[in-house]
Amino acid sequence: MFGWGDSMRTFALSVLVLGLCGTLLPGQGKQNKAGFVAVVESRFGNWDTNRNGSLESAEIDHLLKSHSVKGDEAAAVASIHVWFLGNPSVQRVTLQALKNTKDGAEERRDLSQKSPHLNSNYLAFSKHLREVPRQVFARNPSVVGMSQGHLGDCFFVSTMGGFVHRNPAEIRKIIHQNPDGSCDVSFSQNHKVHVPALTDGLICLGSTAHDQGLWLNIIEEGAGQAHHAKKGSTNTNEPAVDRLAKGGDMGEIMELLTGHAVERMHFKHVPHAKIHDAMTRAKSSGLLVGAATPGAGAHLPPGVPSGHAYAVLEVKGNNVTLWNPWGNHFKPKQMPYGKANGYAVENGTFTMPFNDFAETYESVVIETHQMARRR
């Protein structure tokens with residue numbers, strides 16, 4: 001996969017994020033794989049529904065959507081699904097291959113992986129399922145606690161972070177839970193989608209709001225459905241959230257959430273002072289702003305990954321406060337904080353001078369007061 005944008009061939013494409021956003025894998029590649037292997041050995045025969053001695057991605061997709069697949073079994077299924085996503089040319093995998101695969105070193109888990117991470121993903125998924133509340137809202141939504149999952153949908157999660165930061169109470173108006181556990185998700189312009197009750201497998205795969213409940217997973221699934229419909233795809237078998245991993249635009253999510261059109265501004269084509277003024281006016285008016293870094297190969301400050309989308313939370317004078325959808329922490333190895341050594345990050349949030357911002361980021365997307373074209 002390529003960096004966000006697709007090379008800079010056009011300005012419009014420069015605001016696309018093509019699956020290069022996510023967090024680092026936990027450093028668990030050297031841990032014992034007995035847990036993952038034990039689950040796979042015990043369940044492989046049941047998973048292999050066509051009895052051909054191997055698992056295909058369609059079989060794994062079916063298991064992800066099954067409410068009978070729970071706990072550690074769901075964690076193993078989700079881990080295999082992530083492996084298939086990173087290896088689209090592979091049609092099937094055998095039991096022996098799953099048992100013998102060794103986890104590689106840490107990588108950004110949203111990228112096409114150079115090596116598998118079946119056990120480390122399984123351990124992370126299993127832990128998440130043990131800890132996550134199963135209510136839609138276990139407590140009030142907050143950007144603190146949100147973090148991107150294993151999909152390359154930073155364009156979605158960063159925009160949701162900005163939306164939550166602006167008005168956390170608005171999230172409760174978007175989701176209506178039904179008696180059967182399903183939810184209706186109401187986006188702008190009367191755009192409503194129906195999200196069936198989430199399975200354990202889908203909870204593993206998506207982003208998380210941790211102890212806040214499942215609201216982020218539900219909206220992510222709904223956005224995947226909306227994204228699927230807009231692109232005119234006919235493949236309804238894959239999980240809806242997978243469709244977000246295939247590329248998207250922060251502006252598209254802003255329009256979906258707010259109904260407002262967006263303005264895109266590129267630092268190579270627009271005077272920096274004009275961008276600063278536009279961002280300042282937008283944030284003072286309570287509008288959403290997103291920013292993205294250039295793709296692979298760009299020389300960026302430590303702790304600022306390439307090909308990644310961020311929410312702009314505040315613009316005050318010469319300072320820009322951003323939120324990384326990884327919800328991560330980063331402490332520069334030495335002072336002073338800045339372009340050379342990086343910026344201190346807490347729960348994904350950090351602040352940098354606008355001049356540094358303009359030299360680090362590639363473009364911004366700004367919500368306007370104008371209504372978007374009706375979908």
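Biologist: At what angle do the axes of H3 and helix H5 (residues 118-131) cross, and within what distance do they come?

Modeller: The axes of H3 and H5 come within 8 Å and cross at roughly 140 degrees, where axes are lines fitted to C-alpha atoms, for helices over the stretch in contact, and angles run from 0 to 180 degrees between N-to-C directions. The model is predicted, local features need pLDDT of at least 70, side-chain atom pairs count only at pLDDT 80 or more, and totals for chains, interfaces and linings use all residues. Residues are numbered from 1 along each chain as its sequence is written, and side-chain values use heavy atoms, with hydrogens and water left out.

Biologist: Why are H3 and H5 called oblique to each other?

Modeller: Angles under 35 degrees count as roughly parallel, over 145 as roughly antiparallel, 65 to 115 as roughly perpendicular and the rest as oblique. The angle of H3 with H5 is roughly 140 degrees, and H3 and H5 are therefore oblique. Their crossing is right-handed, a term for a near helix turned clockwise from the far one by less than a right angle, anticlockwise being left-handed.

Biologist: What makes the contact of H3 with H5, by class?

Modeller: Residues in contact, meaning heavy atoms within 4.5 Å, include Ala75, Ile80 and Trp83 of H3 and Tyr122, Phe125 and Leu129 of H5. By class there are 11 nonpolar, 4 polar and 1 charged residues, where Ala, Val, Leu, Ile, Met, Phe, Trp, Tyr, Cys and Pro count as nonpolar, Asp, Glu, Lys and Arg as charged, and the others, Gly among them, as polar.

Biologist: Why are H2 and H3 called oblique to each other?

Modeller: Helix H2 (residues 57-64) and helix H3 (residues 71-86) pack at about 140 degrees, with their axes 10 Å apart, and H2 and H3 are therefore oblique. The crossing of H2 and H3 is left-handed. Ser57, Ile60, Asp61, Leu63 and Leu64 in H2 meet Val77, Ala78, Ile80, His81 and Phe84 in H3, which by class gives 7 nonpolar, 2 polar and 1 charged residues.

Biologist: How do you know that S4 and strand S5 (residues 183-186) pair?

Modeller: Two strands pair if DSSP finds at least two bridges between them, strands being DSSP runs of E with at least two residues and helices runs of H or I with at least four, numbered from the N terminus. S4 and S5 have 3 bridges in the antiparallel sense, one of them joining His176 to its partner Asp184 in S5.

Biologist: What makes S4 and S6 edge strands?

Modeller: The open antiparallel sheet has 3 strands in the order S4-S5-S6. Strand S4 (175-177) and strand S6 (192-195) each have a single partner strand, so one side of each is left without a neighbour in the sheet.

Biologist: Which are the edge strands of the open sheet of 6 strands?

Modeller: The order is S8-S13-S9-S10-S11-S12, with antiparallel pairing, and S8 and strand S12 (349-353) are the edge strands, each pairing on one side only. Strand S8 (residues 260-266) meets strand S13 (residues 363-371) over 6 bridges, with Met265 partnered by Val364 in S13. Strand S9 (residues 289-292) pairs with S13 over 4 bridges.

Biologist: How many residues, as a percentage of the chain, reach a pLDDT of 70 or more?

Modeller: The share is 86%, with a chain mean of 88, pLDDT being the predictor's confidence in each residue, from 0 to 100. Over residues 1-33 the pLDDT is below 50, although this stretch has 118 contacts in the model beyond near neighbours in sequence. Where pLDDT is low, the predicted coordinates should not be read in detail.
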